[in-house]
Amino acid sequence: MTADPARTAHHGLTHRPCASHRSAAPAADREEPELNRDATPRRYLMCAPTHFRVTYSINPWMDPSKPVDLPLAQTQWEDLRDRYRSLGHTVELLTPRPDLPDMVFAANGATVIDGRVLGALFAYRERFEEAGAHRDWFRENGFAEVHEPEHVNEGEGDFAVTASYLLAGRGFRSSPLSHMEAQEFFGTPVIGLDLVDPRYYHLDTALCVLDAAADEIMYYPDAFSAGSRAVLRRLFPDALLAREADAAAFGLNSVSDGRHVLLPQGATGLLDPLRDRGFEPIPMDLGELLKGGGSVKCCTQELRG
Ligand SMILES: CN(C)C(=N)NCCC[C@H](N)C(=O)O
């Protein structure tokens, strides 16, 4: 495989001191990173895992032979919801449906920018009806413009919003045609990114927006084609690059409010790099939801504007 210069030159992290360098310093000399980031209040849409189960497999993480501990899934999900609220964010709730076991992954149901809603069209029959439940929720909750899409897109699973771009994944779920549809609808330049590893089947398993206003992201380079990696390097030269172990722990499936980064607890290698940039990482245990192939971000749809 061709070496990726951004990755090899910095031990997996671009333009920041490596975590292991910091911890090697004597305690007295160690500089504590400054927390210089501002959180902005967010509004999120979530759906309780009341009917969550793994009875089919539509991604490599789902194994129907592994039982889900539903009470534990519920507790983990409530911890996430309560954490958002304790940080000052608003959490809206979508009513779970017994026939839609993946509905807890609310990020996939739509993409909202400036109060305008681009609905989802799911790739798999098993999730098809979630899209209508989302659209109904938006209509009932005062969102005037709700677009029913023509092309397959799995909401924020494959769309990530920064100030300058709508980053759009393709390869496993969302159709490239949905990228043009989103660009037309939102009037935001879409950057299409090819996902090449089935474990990272949605963009939000491989890339996370840390500070939308500053176009600051983190991502796992190997989840993308060579051309898409080049595009990401060009547009985001200061991005935090995640290592394999943290990507495999779903570390890119995180949610940032500009200061706090709620991330799956197994992604320990991201903690120091995030702190070095002035973020406050908050590890969350969503182990039961991981059995469905999702974590923090998958459970969280952001209602922008
Ligand atoms: C962002 N990710 C990864 C998500 N936003 N969603 C998780 C979807 C999981 C579901 N079983 C599926 O395979 O569709």
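How many salt bridges does the rule count? I get 22 salt bridges. The rule I used: a side-chain nitrogen of Lys or Arg within 4 Å of a carboxyl oxygen of Asp or Glu.

Notes on the model. I am working on a predicted model, where local features need pLDDT of at least 70, side-chain atom pairs count only at pLDDT 80 or more, and totals for chains, interfaces and linings use all residues. Numbering runs from 1 along each chain as its sequence is written, and side-chain values use heavy atoms, with hydrogens and water left out.

Entry: R37 and D211. I looked up this salt bridge and found its closest N and O atoms 3.5 Å apart. The pair links distant parts of the chain, 174 residues apart. R37 sits in the loop between α2 (19–24) and β1 (43–47), and D211 is in strand β9 (residues 207–211). I take helices (H or I, at least four residues) and strands (E, at least two) as DSSP runs, numbered from the N terminus. R37 counts as buried, at 12% relative accessibility. My cut-offs are under 20% relative accessible area for buried, over 50% for exposed and in between for partly exposed (1.4 Å probe, protein chains only).

Entry: E156 and K297. The closest N and O atoms of this salt bridge are 2.5 Å apart. E156 lies in the loop between β5 (146–147) and β6 (159–161), and K297 in the loop between α9 (287–290) and β15 (301–302), so the pair ties together parts 141 residues apart in sequence. Are the two partners buried or exposed? E156 is buried, with a relative accessible area of 2%. K297 is buried too, with 12%.

Entry: R199 and D197. I find their side chains meeting in a salt bridge at 2.8 Å, N to O. R199 counts as partly exposed at 28% relative accessibility, whereas D197 is buried at 15%. I also noted a network: salt bridges that share partners join R42, E156, K297, E302 and R304.

Entry: S256. I place S256 in strand β12 (residues 255–256). S256 counts as buried, at 7% relative accessibility. Which residues does S256 contact, leaving aside neighbours within four places in sequence? I list R42, Y44, V209, L210, V261 and F279, with contact meaning heavy atoms within 4.5 Å. F279 is 23 residues from S256 in sequence and 8.8 Å away in space, C-alpha to C-alpha.

Next I checked the side chain of S256. One of its polar atoms lies 2.6 Å from the backbone oxygen of L210. The S256 side chain also reaches the backbone nitrogen of G258 at 3.0 Å.

Conventions
A polar contact is a pair of N or O atoms within 3.5 Å; within protein, one must be able to donate a hydrogen and the other to accept it, and residues adjacent in sequence count only if both atoms are side-chain atoms.
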